[in-house]
Amino acid sequence: MKPAGITVSGNAFKTIANALAFNLKKSSQQDALDIPTPVHRLDNQTSGILLIAKTKTAQIELGKQFTNQTIQKKYYAISIGKVTKNQNITLSIDGKFAETSFEIVKVVKSLKFNALTCLKISPKTGRTHQIRIHLASIGHPILGDKLYGNKETLHKGKGLFLCASEIQFSHPKTSKIIHLKINIPHKFKSVFIRERRRWKTYNN
């Protein structure tokens with residue numbers, strides 16, 4: 001699981017890619033990669049499931065699945081405001097088609113934001129910052145989003161409330177369907193508890 005605040009790859013010293021050589025053993029397969037390699041990216045501030053290839057076969061086959069959009073990913077996010085209906089957004093990004101659908105999980109009242117909404121999100125495409133851009137485009141930026149929200153959407157010290165929680169793909173060697181799922185980060189639950197408590201305190 002990738003923690004929030006660390007970049008997957010790039011020129012920085014502290015990246016997931018640089019850490020893998022010290023944290024994962026090299027594969028014993030003949031086509032083993034010298035260093036395990038991420039096969040997709042998550043934003044620096046996004047936490048959650050990240051697929052890592054340890055062989056050339058896995059790298060190529062998983063790459064094809066991402067290109068062909070056969071890998072299914074689900075995210076959880078806390079969005080600013082009260083979202084009133086499930087939606088499918090098809091706003092293009094950098095001139096390229098992009099599609100994101102989401103369903104409402106929970107809404108809580110908030111003194112600062114009037115309401116916060118927990119969403120379960122299914123991106124159909126994988127454009128850079130797609131989920132963040134799409135939610136901001138309908139007036140419900142993600143809590144803690146410095147780039148697509150504004151200073152009013154920040155939650156001091158807690159970062160971005162976006163997590164890659166599920167992924168389903170075909171095993172690159174056996175073709176068996178693999179479904180991975182993690183729990184929503186504790187900070188998601190704690191912010192809802194805090195906002196609900198504050199609302200009740202000031203409205204009783």
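Where does serine 175 lie? Serine 175 is in the loop between strand 8 and strand 9 (177–181). Its phi is near 70°, a positive value in a residue other than glycine.

Okay, some housekeeping. What we have here is a predicted model: local features need pLDDT of at least 70, side-chain atom pairs count only at pLDDT 80 or more, and totals for chains, interfaces and linings use all residues. Residues are numbered from 1 along each chain as its sequence is written, and side-chain values use heavy atoms, leaving out hydrogens and water. When I say helix or strand, I mean DSSP runs numbered from the N terminus, with H or I over at least four residues for helices and E over at least two for strands.

Back to phi. Most residues other than glycine have a negative phi. Histidine 129 also has a positive one, near 60°, and histidine 129 is found in the loop between strand 7 and helix 3. Then there's glutamine 69, which follows helix 2 and has a positive phi near 60°.

Now helix 2 itself, residues 56–67. Its twelve residues should span 16 Å at 1.5 Å a residue, and the end C-alpha atoms are 16 Å apart, which agrees. (The expected span is 1.5 Å times one less than the number of residues.) Ala58, Leu62 and Gln65 are buried in this helix, where buried means under 20% relative accessible area, exposed over 50%, and partly exposed in between, with a 1.4 Å probe and protein chains only. Looking down the axis of helix 2, the buried residues fall within an arc of 50°, so they line one face of the helix; the arc is that of the directions from the helix axis to the C-beta atoms. They pack against strand 3 (52–55) and strand 8 (162–170).

Next, the strands. Two strands pair if DSSP finds at least two bridges between them. Strand 6 and strand 7 (residues 114–123) run antiparallel, joined by ten bridges, and they form a hairpin with three residues between them. Strand 5 (residues 87–89) pairs with strand 6 too, antiparallel over three bridges, and glutamine 87 stands opposite phenylalanine 102.

Sitting in strand 6 (residues 100–110) is serine 101. Is serine 101 buried or exposed? It counts as buried because its relative accessibility is 16%. Contact means heavy atoms within 4.5 Å, and among the residues serine 101 touches are Gln87, Lys120 and Ile121.

Ile121 takes us to the core. A nonpolar core is a set of buried Ala, Val, Leu, Ile, Met, Phe, Trp, Tyr and Cys residues joined through side-chain atoms within 4.5 Å. The largest one has 32 residues, and those with the most contacts inside it include Ile78, Leu116 and Ile121. Strand 4 gives the largest share of this core, five residues. There's a second, separate core of ten residues, including Leu51 and Phe169.

Last stop, the cysteines. In strand 7, cysteine 118 is the bridge partner of lysine 106. Cysteine 118 counts as buried at 8% relative accessibility, and cysteine 163 counts as buried at 0%. A disulfide here is a pair of cysteine sulfur atoms within 2.5 Å, and a search of the whole structure finds zero disulfides.

Definitions and conventions:
Lists of a residue's contacts leave out its neighbours within four places in sequence.
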